[in-house]
Amino acid sequence: MEARKFTEKALSEWMRGKGPDSDIVISSRVRIARNLDNLPFPMLATNQQSKEILDRLSQVMQAAEMKEIGNFSEVFLSDMSELDKRVLVEKHLISPNLANESRNGAVIISENEAASIMINEEDHLRIQCLYPGFQLEEAWELASRIDDVFEEQVDYAFDEVRGYLTSCPTNVGTGIRASVMIHLPALVLTQQMNRLLPAITQVGLAVRGIYGEGSESIGNLFQISNQITLGQSEKEIIDNLHSVARQIIEHEKAAREKIMQESPIRIKDRIRRSLGILTHAEVMDSKEASQRLSDVRLGLDLGLIDHVSSDVLNELIVMSQTGFLQQVYGRKLNTEERDIYRAALIRDKLSKS
Amino acid sequence: MVCQECGKKPATLHFTKIVNGEKTEFHICESCAREKGELIPGTSNGFSIHSLLSGLLDFDPSGKGSSTSSKAQTIRCDECGLTYSQFSKIGRFGCSSCYKHFEDRLDPLFKRVHGSTKHIGKIPKRRGGSIQTKRELEELKKQLQYRIIHEEFEDAAKIRDQIRELEKRISAG
């Protein structure tokens, strides 16, 4: 089945690339929301209408311009098992909303998995591009290019004053949501996040846990994204997020240096303990795994550990999640089984790396 | 109704959260919401701007109280049938025509959410040609004013010619 090729491997091809500032920024993402003219938004569309939306948008895949961008495959949500859907959510290729609530939902994914195009999510069309490291402009350029191909083939709901019309008022205008996923262990450790967060929200940005709205921040990973989509150009939105993220990166670097200067033994001890636990534990819940993996990643970035590759850490962050674990072991697992299998998987991967 | 958090101020934001069919309700005041939202990053409470939306939609531009008055309830989108009152509960438009039908009430909402009411970003290339020209015209007129004020008349004359050229193109369709 088509979905298999995207759910088999934990790491998307793009994740193996090293982006700028990849010691702190895990990935940069841009998604744009678009709707077709003269058809109700997915929430109110009849089954017939949402089928029509799916057909019209799926056809664009055949356009010559689309083929110039890359090799895309389409997967229909109705053809996928619950487990496959979950794995795609854990890989950030589809949203939980598309997995759980869409009617006639589909996703068109590029071969390297850097671009995924969701159909019949909250809006008719959601184009999402993910790049490794700090590459917001690049992600926006690719998303905009794909947007141009769609716009050439279908009529968008667009208004001169309000811009691109979206289902939710928080997306109207540019329809753009840009975000960076950043690893901030030193800011968390030095308890500076509480001071930083209000400042970030005051400049029109939001901070969330890594699985988007409503999810917990795990393993010191934070997602910072723009909230404003109307009254600013795409460039202003990207630049604003870029400059705030740049400042946070600098704060994190300073905090890392400070920790290394003031308590090198303590931080080394913490990192090596975490590595020791990851390589020897028999039971490991997901929260502990995330925290320990965050420690080891910090150790790697600080040059305190050298025999672990960052690819393996990235892979383990994705693979130690529920959906993936079940996928690896080929069946539904209860919590206790998951904790045991998670520990085994981590031991195994780290000993080989 | 009094705020569930501080128990003092009146609750102005009301949430209904449904997770796996289980319904929970919150009623809190704005200052508690702000405090929660800023102190707990990305928690499952979901006190982000997005989830505060239905609270914002209940905002009456006249400032005389809640907008779920009988008048608001009767505003309806001809195209998809969604009423303004339904819209303010779910925080989602039903179709692109809702933007036209609810137009009078949207400016205050967009102002609060985005700080702005007018799109200045990307324009669809195929359908947006005339909008692009209009934007260029506005920009040129601004530049013309600037040149005149600064007594740069030679440049001003050039810009005036560009404006005439554009206006000719617009009237020719």
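## Chains A and B: a briefing

The side chain of A:Ser320 comes to 2.7 Å from the backbone oxygen of A:Leu316; a polar contact is a pair of N or O atoms within 3.5 Å, where within protein one must be able to donate a hydrogen and the other to accept it, and residues adjacent in sequence count only if both atoms are side-chain atoms. The model is predicted, so that local features need pLDDT of at least 70 and side-chain atom pairs count only at pLDDT 80 or more, while totals for chains, interfaces and linings use all residues. Residues are numbered from 1 along each chain as its sequence is written, chains are lettered from A and ligands numbered from 1 in the order in which they are written, and side-chain values use heavy atoms, with hydrogens and water left out.

**Chain B**

- Chain B has eight helices and two strands, and along the sequence they follow the pattern β-β-α-α-α-α-α-α-α-α; helices (H or I, at least four residues) and strands (E, at least two) are DSSP runs, numbered from the N terminus.
- Of the 173 residues of chain B, 36% count as buried, where buried means under 20% relative accessible area, exposed over 50%, and partly exposed in between (1.4 Å probe, protein chains only).
- Among the contacts (heavy atoms within 4.5 Å) in chain B between residues at least 6 apart in sequence, 32% join residues at least 24 apart.
- Chain B exposes about 10,600 Å², and carbon and sulfur atoms supply 50% of this area, which comes from the Shrake-Rupley method with a 1.4 Å probe, only the protein chains shown counting as cover for residues.

- Of the area that chain A buries against chain B, A:Glu160, A:Arg162 and A:Pro169 supply 16%, more than any other three residues.
- In terms of residues, 57 of chain A are in contact with 44 of chain B.
- The rule finds eight salt bridges across the interface of chain A and chain B, a salt bridge being a side-chain nitrogen of Lys or Arg within 4 Å of a carboxyl oxygen of Asp or Glu.
- B:Lys125 forms a salt bridge with A:Asp148, with the closest N and O atoms 2.9 Å apart, and a network of salt bridges links A:Arg34, A:Asp147, A:Asp148, B:Lys122 and B:Lys125.
- Between chain A and chain B, 23 residue pairs are in polar contact, both residues being at pLDDT 80 or more.
- The elements giving two or more residues to the side of chain A that touches chain B include α7 (136-153), β6 (158-159) and α10 (234-262) of chain A, and the largest share of that side, seven residues, comes from α7(A).
- By class, the side of chain A that touches chain B has 21 nonpolar, 20 polar and 16 charged residues; Ala, Val, Leu, Ile, Met, Phe, Trp, Tyr, Cys and Pro count as nonpolar, Asp, Glu, Lys and Arg as charged, and the others, Gly among them, as polar.

**Salt bridges within chain A**

- Over all chains, a search of the whole structure finds 33 salt bridges.
- The side chains of A:Asp21 and A:Arg246 meet in a salt bridge at 2.8 Å, N to O; A:Asp21 is in the loop between α2 (13-16) and β1 (25-34) of chain A and A:Arg246 in helix α10 of chain A, 225 residues apart.
- A:Asp295 and A:Arg270 meet through their side chains in a salt bridge at 3.1 Å, N to O, linking helix α12 (residues 286-301) of chain A, where A:Asp295 lies, with helix α11 (residues 264-280) of chain A, where A:Arg270 lies.
- A:Asp295 is buried, at a relative accessible area of 4%, whereas A:Arg270 is partly exposed at 30%.

- A:Ser320 lies in the loop between α13 (310-319) and α14 (322-329) of chain A, and A:Ser320 counts as buried because its relative accessibility is 8%.
- A:Ser95, in the loop between α5 (82-90) and α6 (96-101) of chain A, counts as buried at 14% relative accessibility, and its side chain makes a polar contact with the side chain of A:Glu121 at 2.5 Å.
- A:Ile200 lies in helix α9 of chain A and counts as buried at 3% relative accessibility; leaving out residues up to four places away in sequence, A:Ile200 touches A:Leu205, A:Val207, A:Ile224 and A:Ile248.

Notes: Buried area = accessible area lost by both parts, 1.4 Å probe.
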